[in-house]
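Please take a moment to look over the sequence and the model before reading on. The paragraphs below lead through the fold step by step.

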Amino acid sequence: MLELYNVSLNEGPITKLTVVLLMSLFFIYLNMIMLYSLMSKRVFIETPRYILFAHMLLNDSIHLLFTAVLYCVGLALLKLVIVACALTVFVSSTTFRNAPLNLAVMSLERYIAICFPLRHAEIATRKRTYLAIVLIWSFGSINFMIDLFYRIVMDPNILTTHILCTREALFLKAWQLDVFSALNILYFVGVSLIIIFTYLSIMISARSVSSNKDSATKAHRTVLLHFVHAIERAAAMLGNSSLYLDVRYLAFLFILVLPRCMSPLIYGLRDNALKPLFIYYFRCGSGTVKFCLSKMLFLYPVM
């Protein structure tokens with residue numbers, strides 16, 4: 001009886017680890033196919049909407065990878081040198097905050113396209129899109145960079161001390177946690193207001209303009225999808241880090257992993273231009289590579 005109890009204890013973490021790794025790797029694989037589909041056509045690379053979507057795919061894939069690594073390290077109760085922990089948490093934390101910010105920018109781009117169609121090409125340029133991505137990374141990383149700089153200055157043993165690698169373990173003072181919580185609330189409110197504003201504006205525009213209603217209706221549904229996923233991701237920032245392991249495991253799957261898995265997939269499959277390419281490349285993954293490549297060149301010549 002005791003042996004069976006010990007086996008069940010050992011099987012629990014292994015099962016959780018397997019589920020996390022398989023889910024993360026599978027959806028990273030889907031994201032990479034979607035990203036490759038975007039990169040295969042010049043029109044996607046040059047369009048701000050698709051540039052932002054490609055950034056979302058890359059950002060979410062990086063986040064899934066590093067978060068899965070952190071989860072595995074935490075599940076095994078491994079201690080890392082502070083520098084290694086800080087680097088891993090930096091990537092995971094920054095990409096986590098980037099996600100709702102990127103969705104907010106995507107909603108603004110759709111708002112400009114529907115409400116100011118004649119000025120869309122002038123306002124939403126490639127240069128400004130890349131600048132927006134730089135700002136997303138700047139806002140997403142600034143809090144952690146301040147904490148990391150403070151840790152480097154105040155802790156002379158940063159290169160030798162080993163810790164259990166969590167975001168909270170890198171805090172030295174109580175005010176850091178207060179700033180962290182305040183910024184999470186600020187992100188939550190800011191992203192929510194931006195997406196609510198763009199959604200209502202597009203909905204009003206769709207009702208007032210008689211022409212191209214299908215495009216406007218699809219756009220406000222897209223923004224609504226952005227809103228739902230942005231609220232999920234921003235709300236996850238407000239979660240309590242002192243939950244029990246089982247609850248944190250469920251929260252990890254349904255609050256962190258699934259939104260990053262499903263939103264790019266749903267968004268990509270709703271796009272009529274991207275959907276055929278994605279399905280084609282996805283099917284080619286299980287077929288003959290040479291046949292797929294030759295057929296792809298025939299159907300979709302390079303622009």
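A salt bridge, as the word is used here, is a side-chain nitrogen of Lys or Arg lying within 4 Å of a carboxyl oxygen of Asp or Glu. The model in view is a predicted one, and a search of the whole structure finds 4 salt bridges in it. One of them joins the side chains of Asp271 and Arg49, with 3.2 Å from N to O. This pair links distant parts of the chain, since Asp271 sits in the loop between helix H9 (245–269) and helix H10 (275–284), while Arg49 belongs to helix H3 (residues 48–75), 222 residues apart. Asp271 is buried, because its relative accessible area is 4% and the cut-off for buried is under 20%. Arg49, at 18% relative accessibility, therefore also counts as buried.

With that pair in mind, the overall plan can be followed. The protein has 11 helices and 2 strands in its secondary structure, and read from the N terminus on, its elements run α-α-α-β-α-α-α-β-α-α-α-α-α. Of the 303 residues of the protein, 42% count as buried.

In an unreviewed entry, UniProt lists residues 20–39, 64–93, 130–150, 179–202, 249–268 and 280–300 under "transmembrane region". Two of these spans can be set beside the model. Residues 20–39 are 100% helix and 0% strand, with end C-alpha atoms that lie 28 Å apart. For residues 64–93, the end C-alpha atoms lie 11 Å apart, and the span is 80% helix and 10% strand.

Helix H1, which covers residues 2–39, holds Leu17, and Leu30 is placed in helix H1 as well. Leu17 has a relative accessible area of 27% and is therefore partly exposed, whereas Leu30, at 6% relative accessibility, counts as buried. The C-alpha atoms of Leu17 and Tyr71 are separated by 8.1 Å, although the two residues are 54 residues apart along the chain. Leu30 and Leu265 are 235 residues apart in sequence, and in space they are 7.7 Å apart, C-alpha to C-alpha.

How far apart are the end C-alpha atoms of helix H4? Helix H4 (residues 82–115) has 34 residues, which should span 50 Å at 1.5 Å a residue, and its end C-alpha atoms are 49 Å apart, so the two values agree. H4 is mostly covered, with 27 of its 34 residues buried. Glu109 and Arg110 form another salt bridge through their side chains, at 2.9 Å from N to O. Glu109 is buried, as its relative accessible area is 5%, and Arg110 counts as buried at 13% relative accessibility. Arg97 is 87 residues apart in sequence from Asn184, yet the two are 8.7 Å apart in space, C-alpha to C-alpha. Asn184 is found in helix H7 (residues 174–208), and at 2% relative accessibility it counts as buried.

Arg151 leads back to the salt bridges. Its side chain meets that of Asp155 at 3.1 Å, N to O, and both Arg151 and Asp155 are buried. In general, side chains of opposite charge can pair when their charged atoms come close.

How values were computed. Residues numbered from 1 in each chain as written. Predicted model: local features only at pLDDT ≥ 70, side-chain atom pairs only at ≥ 80, totals over all residues. Heavy atoms only, no water. UniProt positions renumbered as here; feature names shortened; annotations may be inferred. Helix = DSSP H or I, 4+ residues; strand = E, 2+ residues; numbered from the N terminus. Buried < 20%, exposed > 50% of the residue type's maximum accessible area, 1.4 Å probe, protein only. Expected span 1.5 Å × (residues − 1).
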